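Me: I have just opened this model and would like a guided look at it. Please take me through the helices and loops one question at a time.

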Amino acid sequence: MLKLEEVKNFLRVDSDEDDALILSLITTGKVLVEDIIRKPLTEFENIPEPINQAVLIIVGTLYEERQVSKSDKEGLSLKDTLDLVRRMLFAYRQEKF
């Protein structure tokens with residue numbers, strides 16, 4: 001699936017200082033995506049690009065929102081991000097686990 005360097009490039013992070021945090025957010029993004037599609041990502045022979053993009057969007061939002069109060073922030077909230085991701089992943093969603 002996504003590698004640390006790919007995600008750091010997406011986030012525009014050059015240092016190694018946040019590597020542990022970013023790896024943790026990748027795991028969180030995968031879990032959220034699996035919950036939405038109701039299917040383990042390991043069942044895909046090749047991960048579809050919309051799924052990779054959904055994980056990137058989740059990681060990006062969680063990374064950017066980690067220390068920002070809502071009154072200072074413009075853009076999508078976490079709720080809006082998850083709504084967007086649900087729409088992106090609708091085609092991959094199983095009826096149940």
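**Loops, helices and their contacts**

Me: Is Arg12 buried or exposed?
Reply: In this predicted model, Arg12 has a relative accessible area of 75%. Exposed begins over 50%, so Arg12 is exposed.

Me: Where is Arg12 found, and what is its phi?
Reply: Arg12 sits in the loop that joins α1 and α2. Arg12 is not a glycine, yet its phi is positive, at about 60°.

Me: How far apart are the C-alpha atoms of Asn46 and Met1?
Reply: Asn46 lies in the loop between α2 and α3, and it is exposed, with a relative accessible area of 62%. Along the chain, Asn46 and Met1 are 45 residues apart.

Me: What span does α3 reach from its first C-alpha to its last?
Reply: Helix α3 covers residues 49-65, which gives it 17 residues. At 1.5 Å a residue, 24 Å is expected. The helix comes close to that expectation, with a reach of 24 Å.

Me: Which helices do the buried residues of α3 pack against?
Reply: Start with the residues that are buried in α3, including Ile51, Val55, Leu56, Val59 and Tyr63. The buried set also includes Asn52, Thr61 and Glu65. The helices that the buried residues of α3 pack against are α1, α2 and α4.

Me: Roughly parallel or roughly antiparallel: how does α3 run relative to α4?
Reply: The axes of α3 and α4 come within 10 Å, and they cross at roughly 175°. Angles over 145 degrees fall in the antiparallel class, so α3 and α4 are roughly antiparallel.

Me: How many residues in the contact of α3 with α4 are charged?
Reply: On the α3 side, the contact residues include Ile51, Ala54, Ile58 and Leu62, while on the α4 side they include Leu78, Leu82, Val85 and Met88. By class, the residues of this contact divide into 12 nonpolar and 3 polar. The number of charged residues is none.

Me: What angle class describes α1 and α2?
Reply: Here the axes come within 10 Å and cross at roughly 100°. The range from 65 to 115 degrees is the perpendicular class, so α1 and α2 are roughly perpendicular.

Me: How many charged residues does the contact of α1 with α2 have?
Reply: From α1, the residues are Leu4, Val7, Lys8 and Leu11. They meet Asp19, Ile22, Leu23 and Ile26 of α2. This contact has 6 nonpolar residues and no polar ones, and its charged residues number 2.

Me: Right-handed or left-handed: which is the crossing of α2 and α4?
Reply: The axes of α2 and α4 come within 10 Å and cross at roughly 55°. That angle makes α2 oblique to α4. The crossing is right-handed.

Me: How many residues of the contact of α2 with α4 are charged?
Reply: Leu32, Val33, Ile36 and Ile37 of α2 touch Leu82, Val85, Arg86 and Leu89 of α4. Of these contact residues, 7 are nonpolar and none is polar. The charged count is 1.

Notes. Residues are numbered from 1 along each chain as its sequence is written. This is a predicted model: local features need pLDDT of at least 70, side-chain atom pairs count only at pLDDT 80 or more; totals for chains, interfaces and linings use all residues. Side-chain values use heavy atoms; hydrogens and water are left out. Helices (H or I, at least four residues) and strands (E, at least two) are DSSP runs, numbered from the N terminus. The expected span of a helix is 1.5 Å times one less than its number of residues. Buried means under 20% relative accessible area, exposed over 50%, partly exposed in between (1.4 Å probe, protein chains only). Contact means heavy atoms within 4.5 Å. Axes are lines fitted to C-alpha atoms, for helices over the stretch in contact, and angles run from 0 to 180 degrees between N-to-C directions. Angles under 35 degrees count as roughly parallel, over 145 as roughly antiparallel, 65 to 115 as roughly perpendicular and the rest as oblique. Ala, Val, Leu, Ile, Met, Phe, Trp, Tyr, Cys and Pro count as nonpolar, Asp, Glu, Lys and Arg as charged, and the others, Gly among them, as polar. A crossing is left-handed if the near helix is turned anticlockwise from the far one by less than a right angle, and right-handed if clockwise.
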